Structure formats: structure tokens, C-alpha cells
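Morning, everyone. I have one structure to walk through, and I'll keep it short.

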Amino acid sequence: MWHQIDVVVNLAATTNFDERYDVSLALNTLGAKLVFDFSKKCNKLKVFLHVSTAYVSGEKEGLILERPYKMGETLNGTRGLDIDEENQLVDATLTHLNHHNYSQEHIKSSMKDLGIQRAKKYGWPNTYVFTKAMGEMLLGQLVKEDQTVPLVIIRPTIVTSTYKEPFPGWVEGLRTIDSLAVGYGKGKITCFLGDPKSIVDVIPADMVVNAMIVAMAVHADQRYNNNNNKDNIIYHIGSSVSNPVEFKCLQDYGIRYFARKPWIDKNGNPVIVGHVIVLTSMATFQRYMALRYFLPLKGLEIANTVCCKYFQAVYLELNRKIKFVMRLVELYAPYLFFKGFYDDTNAEKLRRAANESGIKNETEMFCFDAKIINWDDYFTNTHIPGIVKHVFKNN
């Protein structure tokens, strides 16, 4: 294999926002090094393509450039980020937990909390984007030490169902914004949280794949690598600059679709949905939760105490659900009020380079230009029907 492979692609990752820190660090950070080490042994290697995420930017506002992160760089200026020390911390924490014979559930919870704590210490909102950022740092450092490996990094934004290939609307699993559509369509969401004017940067999955294919083809062309700055190896694949869509529009698309084609529940009855309350700030959300859930929960707690734990099961279940919702809000709030826009200058250069390299037909076939998308048509006729077909029945 080492004498035949000329392109290596690293897609392996865990995308859970609050994944166990040991798992996320092993896959998203140290896993990238393992693939890099393999690629160094490929003596015909032309491109090592690493798929990251645009959200390594954390909660930055304004125009976010396609630039690399230096080893140890943090988003809030806190010093002391060292990947080796993070790995040692994980090992020490696991050793401590196992030594004291904690349950596997306790260890899992502790490692999840550790990931969030370490991420927030250095300015990232969750474990996923923190470990992906460290993966980029590690690869950047390795490339400096061994410049024989030509590195290209693809940073997609929020990936949605396919635009065309293998067929429109294909999706596997539940993504960030899709969880809102599922909850709303099944009548389980009574309110939306988010800034209606904020831009939600989405890109269909097949366009991300197309960008990867074009990047591999272009960077495998030695003429392009010789005539261009090799630092320009990062590509944002998204829509917030070229064809932005507002959060309010996503809400409207869902309302219109499910009003026209309601979900049929397990009893064969249509789920009738309508306009929901839109909470436009965290302060509004907290007031809503206090009046709608926290006060009734407190009343139930008092009644449960007076009645000798008669309502214990109901109280515990409601308390669990409220904690779950608050956890989700904590994880997703940074993206519901996101103020950033992802610069795609390098991605535009990539498209031009493909044309100039004589592969114009291929770039038309492997299109990743978000400007061609009519979001109204895509969401109402492709994406939401795709979620209903491929995701609803399993969630």
C-alpha cells in the first residue's frame, strides 16, 4: 500500500459536542497524528486531506478567515495549552477514577464534564470543536517538522442532507438543526430559542464531498503547488458569505412544510403544528423556563415531600427532562446566537484553480458553490422531506 497510495483522506472523528474527553482526544486530536504517520510512509503521496470543522473558530464574531491555528494558540488568550499535558491529564483522571472503583456511568459522566471544562478554559464552547482545533494544531506542527507531506484542511460548516448526489435529500443520523425539525414536526417543541436574524451556515453533504474531490485533484497537480503559497491549505466550505440563510427562515420552512404535510403518529393521527414561541435571548429563555417548568417543579417537590414521596417517580422524571433540556441549551446556545461569517476566499480560488487546470467539466460535476442553492426550494422540497423519510422513524 505504501508504494501505491498517492492520496490519504482523514475523515475519522466523533462529532458529539459533549463526548468523553478521552474518546474525543484520542479520535479528533491524536487520531489525526496516527493517519499523518501512515501518510509519511506513502512514497508516492501527493495530498494528505484532513476534514475538520469551521467551528474550530469557537464563538468568534465577524468575518472568520481561512487561517491555521498555531500550536498552543487559544481563543481567549489563556496560556498553557499543551496537547501532551492534556493527554496526561486524561490518563491521570482515568487512573484516579478506576482506582476508587467508580461505576462506568460515573466515569463516563466525569470524562464528559472534563472535556467541557478543558474546552471552556481555553475559549472553545464544547469538547468536539476543542479537540478538532487541537488536531489541526498538531497536524500543522507535524507538517513544519516534515514538509514532505502536502497537507490540505477542509472545514465544513453545518452539514445538511444532499443537494443532488447520490440522490436529493439523503441524510444519515440527526444533525444540529435537524433535531429542531424532528421535535417540531412531532409536536414536541413549543418554542424556538435563537436570534431570528443570525445567519445559520449550512452546506449540503454532497457539496462537502465535491469540495474534497476537487481539492484532491487540484493539489495533486504539482503545477498548482509550485505556483501557490503553501500556507493557503485551509478551505471553508459553507454559505454564510456567498448565500446566507437566516435562522428565522429555517423556522418558517419547517412551519410551512409540516402545516402542509403533517407527520402521522404511531396511532395514525396527523400531528397538527402551528406557530411556536420564539425566544430571542437567553434571558427570555430563562424567564420562560422559570415560569413554565422550574416553578411547577418546585411545587411538585414540596408536594412530594408532604405526601411522603408519593410523587417521587413523576418528580424525578420531570427533573431529568429539565436537566436534559438545559444541557442541550448549554451545548447549542453558541450556535443559536452565532455572529460569525466564514470567509471562503480560498474556496473560490480552488474553484478557479480547477478550471485553470483543465478540469472544468469535473468542477461542474463536483460542484460545491453554495450560490446556486435556492434555500426555500432546498429546505421545503429536499432537506425536510429527506429528514422525514430517513430520520423521523428512528427518532
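Start with His96, which sits in helix H2, residues 83-99. Keep in mind that this is a predicted model. For scale, take His96 and Met212. They are 116 residues apart in sequence, and their C-alpha atoms are 42 Å apart in space.

Next, the loop between H2 and helix H3, where H3 is 104-121. Asn101 lies in that loop. Its phi is near 55 degrees. That is a positive value, and Asn101 is not a glycine. Relative accessibility here is 68%, over the 50% cut-off, so Asn101 counts as exposed.

Another backbone point. The peptide bond from Glu165 to Pro166 is cis. Omega is near -5 degrees. Where is Pro166 found? In the loop between strand E5, 158-160, and helix H5, 176-185.

Now the helix pair. H6 covers residues 205-219, and H11 covers 345-356. Their axes come within 10 Å and cross at roughly 55 degrees. That angle falls between 35 and 65 degrees, so H6 is oblique to H11. The crossing is left-handed.

Which residues meet there? From H6, we have Ala211, Val214, Ala215, Val218 and His219. From H11, we have Leu350, Ala353 and Ala354. By class, the contact has 7 nonpolar residues, 1 polar and no charged.

That's the tour. Over to you.

Key. Residues numbered from 1 in each chain as written. Predicted model: local features only at pLDDT ≥ 70, side-chain atom pairs only at ≥ 80, totals over all residues. Heavy atoms only, no water. Axes fitted to C-alpha atoms, helices over the stretch in contact; angles between N-to-C directions. Helix = DSSP H or I, 4+ residues; strand = E, 2+ residues; numbered from the N terminus. Parallel < 35°, antiparallel > 145°, perpendicular 65-115°, else oblique. Left-handed = near helix turned anticlockwise from the far one by under 90°. Contact = heavy atoms within 4.5 Å. Nonpolar A, V, L, I, M, F, W, Y, C, P; charged D, E, K, R; others polar. Buried < 20%, exposed > 50% of the residue type's maximum accessible area, 1.4 Å probe, protein only.
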